[in-house]
Amino acid sequence: MSTPLNWPEGPILLKNVHGPWTALPPSMAEGGRDGLVPTAIALRDGAIAEPRGDETVLDLAGAVALPAFVDCHTHLDKGHIWHRQPNPDGTFQGALEAVRGDRGANWTGADVATRMGFGLEAAYARGTVAVRTHLDSGDHRTESSWNAFAEAREAWAGRITLQAACLTILDEVESDAYCAMADLVARHRGVLGAVTYPMPDLPRRLDTFFRLAAERGLDTDFHADESLDPASDTLRLIAEAKIRNGFEGRVLCGHCCTLSVMAEAAADRTMDAVAEAGLDIVSLPMCNMYLQDRHAGRTPRYRGVTLVHELKARGVNVSFASDNTRDPFYAYGDLDMAEVMREATRIAHLDHPVADWPASFARNPARAMGLSAEMNIGSLTPGAPADLVIFPGARSWTELNARPHTDRLVIRGGRPLTATPPAYDRLDPLFETPRPLSETA
């Protein structure tokens, strides 16, 4: 990260910048190219303001300025265990078994808190202002993980808005133990989450799930259809259950990979139900491409990225997020939403034209998380917080997505951050036997 040596005090006018039209006043929607519009942004008293003429002017030579990022689907409790527990074959099943083993052996409250804090430091330094994490729940480790999250939420207040969703399966949704877990989530002001896959009586189980959420006033979050089985159509069942139960909370569904391999008529029927129910959808392209259709010695044919263009065309709120970081489900990543945006643009063709896709990395996920409109997240209009990310080396969409831009400037409350991502050796004390640097996935 680079920081201007002479960043001035007082009001500032960022002159000669390019911002996404989705984050600017409606009157500025025309006149740009590649979804970016030339503009000037005034910063005053920690907020974006109308220019008054008394600001110190900084000419940014056409640099791209984006609203600070929102990452609505992560796994902070799993993050950075690869050094200790890699995935033996890179498959989804290998990931499940590897995480299960590491969780049982190592996930004390202190271990989870250390790795969670490491991930949040990276996200903060990269320009993220809000994060929703899933927390593996439903066993003896549940309470310690949620306590670690509660401590992190308090420690990061004012820097990153944190939410957590329990990650469970619906097999025991009708049990007393599941009700007790839902109560724990409610005490922590969390989100009721679940993984859905084809199972007996799923509609009935979903009815129970939505009832538990409604009774506790909780929003919901699903891992839905994270496979390449075209017969897995639980996303449609979630939409139908939301409508059937009159559930009024938000419902965010992640992955939804099977849409990419369904027959067109079946996919259309599911997406129509999603739109009717008002579900939010988040795509996790990097993790899905890592896991899906992986077979030893065989090049992958199908990549599992859900049908974001078709969903958006139906008016569905579509976001992108980072998902896992350096754990058995994804060996890479750094909670860097600029990387997610760059890769999603290539993987899902969010270009030619760029249109309003930049909103899917800030405004849309903020909406999916239920963050109030008054917070103005994802906006560069007067009255919004002066939280933005400036890319000095990029003046256009192609320049923005061509490089990692480690020279980006993160502005929070109108001031540049000096924070940098933490060094990996900070985590060494968690690993009894450090793995050789030459060892790879």
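**Exercise 1. The second largest cavity**

Work out which residues line the second largest cavity in this predicted model, and how they divide by class.

*Solution.* Start with the list: Ala338, Met341, Arg342, Phe391, Leu400, Arg403, Pro404 and His405 line the second largest cavity. Next, sort them by class, and you get five nonpolar, one polar and two charged residues. Then look for the element that gives the most to this lining: that's helix H10 (residues 337-348), with three residues. Finally, the space inside comes to about 40 Å³.

**Exercise 2. The largest cavity**

Find how many cavities of 30 Å³ or more the structure holds, then describe the largest cavity by volume and lining.

*Solution.* The search turns up two cavities of 30 Å³ or more. For the largest, the volume is about 70 Å³. Its lining takes in 13 residues, and the closest to the cavity centre are Pro20, Pro67, Pro358, Ala359 and Ala362. Sorted by class, the lining has 10 nonpolar, two polar and one charged residues.

**Exercise 3. An edge-to-face pair**

Classify the pair formed by tyrosine 330 and tyrosine 332, then say whether each residue is buried or partly exposed.

*Solution.* Take the geometry: the ring centres of tyrosine 330 and tyrosine 332 are 5.6 Å apart with the planes at 90°, so you call the pair edge-to-face. On accessibility, tyrosine 330 has 7%, which puts it among the buried residues. Tyrosine 332, at 45%, is partly exposed.

**Exercise 4. A cluster and two charges over rings**

Pick out the residues of the Phe cluster, then find what sits over tyrosine 290 and over tryptophan 357.

*Solution.* The aromatic cluster is made of Phe209, Phe210, Phe222 and Phe247. Over the face of tyrosine 290 you'll find arginine 294, at 4.5 Å from the ring centre. Over the ring of tryptophan 357 sits the charged end of lysine 312, 4.6 Å from its centre.

How values were computed
Residues numbered from 1 in each chain as written. Predicted model: local features only at pLDDT ≥ 70, side-chain atom pairs only at ≥ 80, totals over all residues. Heavy atoms only, no water. 1 Å grid on protein atoms, 1.4 Å probe; cavity = no way out; pocket = protein on both sides within 12 Å on 5 of 7 lines; lining within 4 Å. Points joined across faces, edges and corners; volume = space filled by probe spheres on them. Nonpolar A, V, L, I, M, F, W, Y, C, P; charged D, E, K, R; others polar. Helix = DSSP H or I, 4+ residues; strand = E, 2+ residues; numbered from the N terminus. Phe/Tyr/Trp six-rings, centres within 6.5 Å; stacked < 30°, edge-to-face > 60°. Buried < 20%, exposed > 50% of the residue type's maximum accessible area, 1.4 Å probe, protein only. Lys NZ or Arg CZ within 6 Å of the ring centre and 35° of its normal.
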